[in-house]
Amino acid sequence: MGSIITISLFSLSLIVCLFLNFSVVYALIIGYIIFISYGLIKGYNLKVLVKKSFEGVLTVKNILLVFILIGMITALWRASGTIAYIVYMGSKLISPSILILLTFLLCSILSVLIGTSLGTAATMGVICASIGKAMGVNPYYIGGAVLSGIYFGDRCSPMSTSALLISELTKTNLYTNIKLMIKTSIIPFIVTCLFYLFLGFKSKVSNISVDVTEIFKQNYNLNIIVIIPAILIIILSILKINVKKTMLVSIVISFFISIFIQKESVLSIIKYCIYGYYNSNEKLNLMMKGGGILSMINVGLIVGISSSYSGIFKETKMLVSLKKHLKDFSKKTSSYFVIFLSSIISGAIACNQSLGTILTNELCGELVEKQKMAIILENTVILLVVLIPWNIAMGVPLKTIGVGFMSGLFAFYLYFLPLWNLFLDFIKERKYKIKI
């Protein structure tokens, strides 16, 4: 009963912060105090609890380092013109009847390249939403396609923080996970494309010529050389080079491109790395401002504080009884189904993708072996939390492109993939029981 009350208090703090529009970090700090207090009430030593919580943080130390690199690379890709080139060339492909499909595909490609859902929403998402608005396309269709696309890459990019988090939590190889993720997503991806193609052809759109990327031509040297940092990410990832080394190479190349192609000063580039890219042209800033190490502080705190909980949970055995109930339920249904449901509940309680992932893994990590657990987490919690309106995984991207929460209904990929794999699991379990 004590553990249920404790988790309920933590959930209440999250809800309060949500309604008061406070950062979820405050709720996580309150949660840390609540869980430490639970341990003290149960008779555990304070020093031991604090030590265990720091051990939990150490499990994601590599991710926190990657966050710093991501902050630098997203700023330098803006400064070097890499993102501008991708967006500029990609937007040239867009025509009215296939706008929705291309929104999904272009956001998918860019999110794989840069590994950040928010960065993709702020660039390609904004471009596609602007064009869609001018053409009179239903904004919810565009919003759904953007959500589907940005989290396609957020799930399986070698630079994705969520993919890195799951790799660390389950102690599995990132590239093996990516290979298996792609394998389990082929059918849902194709079906999603067909649905967006259908929506595009049934939508009434205008043939207005809109060149929202003209501003890139005026402010960047769009030499094909600027695409090199992105191409290197793909090549080095295929060669299975360490993610940190891959990103460092891209950062160095972007640094020199910014100097010699875009004519940026060394001091400006260093400032971009820390504070994020900024341009004196306000119109350009609407699409390109961002990145930088400081931009990753909030997500770093969320992951760091959330990870500290795992050490406290293990020491106090707070989740033992709940885990036992889930294990018993999985025997009556299936492990995938239990993880599927747990991810929805964890995502609703946590209000953010990182903590939702950590809670789901903590509750269900013993149901299956680690490699399988990694893929199930990628096929459930990483996508399903985005469909929860009060989860920042949905709220922030949609706010960035200026579209409402109803877009979630048209984010087909986000529920096609979990449901498809749930269906496959059901068939597999049924065949297994028949054999028995």
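Predicted model: local features only at pLDDT ≥ 70, side-chain atom pairs only at ≥ 80, totals over all residues.
**Exercise 1.** Determine how many salt bridges the model contains, and describe the one formed by K52 and E55.

*Solution.* Step 1: the count comes to 3 salt bridges. Step 2: a salt bridge requires a side-chain nitrogen of Lys or Arg within 4 Å of a carboxyl oxygen of Asp or Glu; in the K52–E55 pair, the closest N and O atoms are 3.6 Å apart. Step 3: K52 and E55 are 3 residues apart in helix 3 (residues 46–58), and are therefore separated by about one helical turn. Step 4: K52 is partly exposed at 27% relative accessible area, and E55 is partly exposed at 33%.

**Exercise 2.** Locate the partners of the salt bridge between K323 and E366, and classify each as buried or exposed.

*Solution.* Step 1: the closest N and O atoms of K323 and E366 are 3.4 Å apart. Step 2: K323 belongs to helix 17 (residues 320–332), whereas E366 lies in the loop between helix 19 (353–364) and helix 20, so the pair ties together parts 43 residues apart in sequence. Step 3: buried means under 20% relative accessible area and exposed over 50%; K323, at 18%, is therefore buried, while E366, at 58%, is exposed.

**Exercise 3.** Identify the surface patch of positive charge to which K370 belongs.

*Solution.* K370 gathers with K61, K171 and K314 in this patch. K370 itself lies in helix 20 (residues 370–379).

Methods:
Residues numbered from 1 in each chain as written. Heavy atoms only, no water. Patch = residues over 30% accessible without salt bridge, like charges linked within 9 Å, V, L, I, M, F, W, Y side chains within 5 Å. Areas by Shrake-Rupley, 256 points an atom, 1.4 Å probe, with all protein chains shown as cover. Lys, Arg positive; Asp, Glu negative; His and termini not counted. Charge placed at Lys NZ, Arg CZ, Asp CG, Glu CD. Helix = DSSP H or I, 4+ residues; strand = E, 2+ residues; numbered from the N terminus. Buried < 20%, exposed > 50% of the residue type's maximum accessible area, 1.4 Å probe, protein only.
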